[in-house]
Amino acid sequence: MAKKRKQENLGPHPILMWAVVLVLLVVLFFLINSSLFNVSQISVQGNNRFSYEEIVSASGINYETNILHVDEYSAKENIEKNAYIVVEDIKRIFPASIIIKVRERNPIAQIGTINGYYVIDKEGIALSLNPIKDDNLTAVYNLNICEPGYAQKIIGESSEKTDAMFYVLEAIEQNNLQGIITGIDLKDPQKIMLTHIAGIKIQIGSGVTANDRLKYVQATVDAVKDKLSGDSVINMESAGGYYIS
């Protein structure tokens with residue numbers, strides 16, 4: 001009598017396995033598209049000048065939108081239509097939270113043109129165009145620029161002058177001299193002339209040396225202001241020293 005061949009255990013039938021996978025996919029589909037993943041919280045970080053409501057409204061992200069359907073690229077573009085705001089990141093936190101991280105540009109200077117005064121930040125981004133001069137901002141003289149687009153970086157007549165301006169603006173911010181240095185004259189970018197709020201002219205060297213000179217500019221002004229006549233200039237081209245001309 002022939003022996004019966006022992007039946008091998010091959011595990012679950014393939015049809016059963018595919019049925020289980022299909023059921024799981026269907027369950028996952030309905031779970032993902034359920035209200036569990038609808039945006040219920042939006043946080044904004046880094047804003048100061050602009051309110052939470054302004055930024056969320058500008059983003060176009062709506063509550064009750066499925067978090068998987070949120071378009072971060074479009075939200076970033078929408079928010080950055082405001083030249084004062086840079087979107088650094090938009091994060092989805094599952095199951096239902098969005099975090100928008102922004103950085104606000106600070107107006108620091110203005111450049112006069114035939115159309116008005118372009119307000120820029122320290123990176124040279126055109127933030128707005130004012131019809132009249134703003135006395136709270138540093139005025140830049142003798143720098144002709146191409147008319148910039150809104151939220152675009154300015155392009156000056158020469159890279160030497162433009163780079164010199166950036167160095168000085170960076171030094172003004174680092175040394176807390178906003179509102180103290182009221183003018184930057186770039187007629188000679190190797191002999192930059194600054195105007196102090198007291199009406200005093202201060203000549204420094206090139207833009208590369210600006211931070212080293214501006215560290216001591218207020219102390220120097222305080223030390224010599226009583227000795228200055230109406231058209232005197234404090235010359236600070238040399239490192240660690242000055243003279244009056």
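**Cut-offs and conclusions in a predicted model**

Colleague: What makes Tyr84 count as buried?

Modeller: Its relative accessibility is 15%. Buried means under 20% relative accessible area, exposed over 50%, and partly exposed in between, with a 1.4 Å probe and protein chains only. Tyr84 therefore counts as buried. This is a predicted model, in which local features need pLDDT of at least 70 and side-chain atom pairs count only at pLDDT 80 or more, while totals for chains, interfaces and linings use all residues. Residues are numbered from 1 along each chain as its sequence is written, and side-chain values use heavy atoms, with hydrogens and water left out.

Colleague: Why is Phe50 called buried?

Modeller: Phe50 has a relative accessible area of 14%. The limit is under 20%, so Phe50 is buried.

Colleague: What makes Phe50 and Tyr84 an aromatic pair, and why is the pair called tilted?

Modeller: Rings of Phe, Tyr and Trp (its six-membered ring) pair if their centres lie within 6.5 Å; planes under 30 degrees apart count as stacked, over 60 as edge-to-face and the rest as tilted. Here the centres are 6.2 Å apart and the planes make 55°, so the pair is tilted. The structure holds 1 aromatic pair. Phe50 sits in the loop between β1 and α2, and Tyr84 in the loop between α3 and β2, 34 residues apart. Helices (H or I, at least four residues) and strands (E, at least two) are DSSP runs, numbered from the N terminus.

Colleague: How do you know that the buried residues of α2 line one face?

Modeller: In α2, residues 52-59, the buried ones are Ile55, Val56 and Ser59. Seen down the helix axis, they fall within an arc of 95°, so they line one face. The arc is that of the directions from the axis to the C-beta atoms. Glu53 and Ser57 are exposed on the face turned away from the buried side.

Colleague: What do the buried residues of α2 pack against?

Modeller: They pack against β1 (41-45), α3 (72-79), β2 (85-93) and β3 (97-104), where contact means heavy atoms within 4.5 Å.

Colleague: How do you know that the reach of α4 is close to the expected one?

Modeller: The expected span is 1.5 Å times one less than the number of residues. α4 has 16 residues and reaches 22 Å from its first C-alpha to its last, close to the 22 Å expected.

Colleague: Which residues of α4 are buried?

Modeller: Among them are Met165, Val168 and Ile172. Their cover includes β4, β5 and α5.
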